[in-house]
Amino acid sequence: MSEETGGVVIYWRPLCTYCMKLLTQLRFTRLRYTKVNIWRNPDAAAFVRSVAGGNETVPTVTVAGRAMVNPSKRELLEAVEAYAPHLLRENG
């Protein structure tokens, strides 16, 4: 199962304080995720615009393919628990 459909992908960009806050908070969890810099990946930037009303609002996160725009740590972990709980277990 690819990260895009079964995992957590965090779309971010440099100097984004909201991105830094979320990524810092996630360091203290067991959650594994993939980071994608939208300034280096035009397709990722287009995806973010497609789910964020035409804006490049980051962080945008997908959980098992479901998009969330600028979620809190709690919202993100609740989505993982609902749609991909295996990602929160020790051995996956």
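Predicted model: local features only at pLDDT ≥ 70, side-chain atom pairs only at ≥ 80, totals over all residues.

Biologist: OK, so where is the place of Thr 62?

Modeller: Thr 62 sits in strand 3. Strands here are DSSP E runs of at least two residues, helices are H or I runs of at least four, and both are numbered from the N terminus.

Biologist: And what is Thr 62 in contact with, leaving aside its neighbours within four places in sequence?

Modeller: Gly 7, Val 8, Val 9, Tyr 11, Phe 47 and Ala 67. Contact means heavy atoms within 4.5 Å.

Biologist: Which residue of strand 3 does Val 9 stand opposite?

Modeller: Val 9 faces Thr 62 there. Strand 1 (residues 8-12) and strand 3 (residues 60-63) pair in the antiparallel sense over 4 bridges; two strands pair if DSSP finds at least two bridges between them.

Biologist: What order do the strands of the sheet have?

Modeller: The order is 2-1-3-4, in an open sheet of 4 strands with mixed pairing. Strand 2 (34-37) and strand 4 (66-69) are at the edges with a single partner strand each, so one side of each has no neighbour in the sheet.

Biologist: How do strand 3 and strand 4 pair?

Modeller: They run antiparallel, over 4 bridges, and Val 63 stands opposite Arg 66 in strand 4. The two strands form a hairpin with 2 residues between them, and Ala 64 in the turn has a positive phi of about 50°.

Biologist: Is Ala 64 buried or exposed?

Modeller: Ala 64 counts as buried, because its relative accessibility is 15%. Asn 70 also has a positive phi of about 50° although it is not a glycine. Asn 70 is in the loop between strand 4 and helix 4, and at 35% relative accessibility it counts as partly exposed.

Biologist: Switching topic: how many aromatic pairs does the structure hold?

Modeller: There is 1. The rings of Tyr 11 and Phe 47 have centres 5.2 Å apart and planes at 40°, so the pair is tilted. Rings of Phe, Tyr and Trp (its six-membered ring) pair if their centres lie within 6.5 Å; planes under 30 degrees apart count as stacked, over 60 as edge-to-face and the rest as tilted.

Biologist: Where do Tyr 11 and Phe 47 lie?

Modeller: Tyr 11 is in strand 1 and Phe 47 in helix 3 (residues 42-51), so the pair ties together parts 36 residues apart in sequence. Tyr 11 is buried at 9%, while Phe 47 is partly exposed at 27%.

Biologist: Last one: which residues touch the most other members of the largest nonpolar core?

Modeller: Val 8, Leu 31, Val 61, Val 63, Leu 76 and Val 80, out of 16 residues. A nonpolar core is a set of buried Ala, Val, Leu, Ile, Met, Phe, Trp, Tyr and Cys residues joined through side-chain atoms within 4.5 Å. A second, separate core of 12 residues includes Val 9, Val 36, Ala 44 and Val 58.

Definitions and conventions. Residues numbered from 1 in each chain as written. Heavy atoms only, no water. Buried < 20%, exposed > 50% of the residue type's maximum accessible area, 1.4 Å probe, protein only.
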